[in-house]
Amino acid sequence: MPYTIEHYEADAEKLLRDRLAELKERGFGTPVEPAFNEGSPFDPSYAAKWSALTRKLKAGFLIGELITFANDYELDMTPTLAMRICKGWVGRSVSNRELIKIFGSENRDASEKSADWPRLDELIDIDKVRIMNEYDKCSFLCKEAKERVWKKISKK
């Protein structure tokens, strides 16, 4: 199952709780709401954890869309075709390992191209605008989820 905003929110809550516990242990207390809401990274490793969660959400979105797309259009989806469609939609792809896990086949090797390979440009164009718009919303969804988590934690 692809990584969703619900997964992101649960991971964000754990990340924030862990960070608050760490700050408290170091003697900083917990009045960190302004820095959290302004997006100020407390240190590079902490900021990197937030960035990794956002990338996971975006990758999960793309994987979910690829699965739906392959089913809706009855595509002969291979990891390579999936990667190229992603790059055509948003200019980047997701982990090749994930694509192999989802679209790979033990009975097929790299020399056996997808039957849909010649239609690559056509396939990209089918949903490109919608996918780009939804993909761009992922960062906004992450920001909203962070704010929900902060409100949830700060009420306790």
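This is a predicted model: local features need pLDDT of at least 70, side-chain atom pairs count only at pLDDT 80 or more; totals for chains, interfaces and linings use all residues.

**Burial, helices and salt bridges**

Of the 156 residues in the protein, 33% are buried, where buried means under 20% relative accessible area, exposed means over 50%, and partly exposed lies in between, with a 1.4 Å probe and protein chains only. Residues are numbered from 1 along each chain as its sequence is written, and side-chain values use heavy atoms, with hydrogens and water left out.

Let us begin with the overall picture. The protein has six helices and zero strands, so that from the N terminus on the order reads α-α-α-α-α-α; helices (H or I, at least four residues) and strands (E, at least two) are DSSP runs, numbered from the N terminus. If we take the contacts with a separation of 6 or more, 77% of them come from residues 24 or more positions apart, a contact being heavy atoms within 4.5 Å. The protein exposes about 9800 Å², and carbon and sulfur atoms supply 51% of that area, as computed by the Shrake-Rupley method with a 1.4 Å probe, where for residues only the protein chains shown count as cover.

Now to the charged groups. Side chains of opposite charge can pair when their charged atoms come close. How many salt bridges does a search of the whole structure find? The search finds 12, each being a side-chain nitrogen of Lys or Arg within 4 Å of a carboxyl oxygen of Asp or Glu.

One of them joins E9 and R148, whose closest N and O atoms are 2.7 Å apart. This pair links distant parts of the chain, since E9 lies in helix α1 (residues 5-25) and R148 in helix α6 (residues 120-154), 139 residues apart. E9 is partly exposed, at 24% relative accessible area, and R148 is partly exposed as well, at 38%.

In another salt bridge, R119 meets D116 at 3.0 Å, N to O; here D116 is buried, at 10%, whereas R119 is partly exposed, at 28%.

Finally, D127 pairs with R130, with the closest N and O atoms 3.1 Å apart. Because these residues are three apart in helix α6, about one helical turn separates D127 and R130.
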